[in-house]
Amino acid sequence: MSSSRVGLRLAACLLNISEARRKYIVENIAKAALLDKNGKKHPQVSVLNIFSDQDYNRSVITIAASVDKLGFAEDLVRHVPSCSVFLFGEADLPEKRSLVQRRKQLGWFTRRDFSALPDLGAAPARRCGLTACFRAL
């Protein structure tokens, strides 16, 4: 990514993972998020932070990418089986719904059957898995 490029639009992705105690799994998922469909590193995708809570066995990986690289969401579901991706904000075209709107629409906190919900990837499991939310900044 060129540091002299003014006006570069970024997208943020939060990967929520039902795993924290096995560090190698979290790190492998973070590495997979950086790869394109051919297994090469996306030049405009960066892992900004990995937060793991050992007590709750949950991790959150924060990723930033150029908006024109939002296709990396498709690459992520290709490299990480069972990954579910939900789009919101500028990434949710043409509706551009907020995260709150998406969660309400999906019945995120009340629904028991998530089988038809993700924009990309597999349906999220009830007790474990990996979900990703993408938002253009």
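What percentage of the contacts in the protein between residues at least 6 apart in sequence join residues at least 24 apart? The share is 66%, where a contact means heavy atoms within 4.5 Å.

The structure is a predicted model, in which local features need pLDDT of at least 70, side-chain atom pairs count only at pLDDT 80 or more, and totals for chains, interfaces and linings use all residues. Residues are numbered from 1 along each chain as its sequence is written, and side-chain values use heavy atoms, with hydrogens and water left out.

**Confidence and overall architecture**

The predictor's confidence in each residue is given as pLDDT, from 0 to 100. For the protein the mean pLDDT is 78, and 77% of the residues reach 70 or more. The protein has 3 helices and 6 strands; these are DSSP runs numbered from the N terminus, helices being H or I with at least four residues and strands E with at least two. Along the sequence they follow the pattern β-α-β-β-α-β-α-β-β. Among these elements, strand 2 (residues 45-53) has the highest mean pLDDT, 93, while strand 6 (residues 130-136) has the lowest, 63. Where pLDDT is low, the predicted coordinates should not be read in detail.

**Surface and burial**

The protein exposes about 8300 Å², of which carbon and sulfur atoms supply 52%; accessible areas come from the Shrake-Rupley method with a 1.4 Å probe, and for residues only the protein chains shown count as cover. Of the 137 residues, 38% count as buried. Buried means under 20% relative accessible area, exposed over 50%, and partly exposed in between (1.4 Å probe, protein chains only).

**Salt bridges**

A salt bridge is a side-chain nitrogen of Lys or Arg within 4 Å of a carboxyl oxygen of Asp or Glu. By this rule the protein has 2 salt bridges.

| Salt bridge | N to O distance |
|---|---|
| Arg22 and Glu19 | 2.7 Å |
| Lys23 and Glu27 | 3.7 Å |

Lys23 and Glu27 both belong to helix 1 (residues 23-33) and lie 4 residues apart, about one turn of the helix. Lys23 is exposed, with a relative accessible area of 57%, and Glu27 is partly exposed at 32%.

**Leu48 in strand 2**

Leu48 lies in strand 2 and counts as exposed at 58% relative accessibility. Apart from neighbours within four places in sequence, Leu48 is in contact with Thr62, Ile63 and Ala64.
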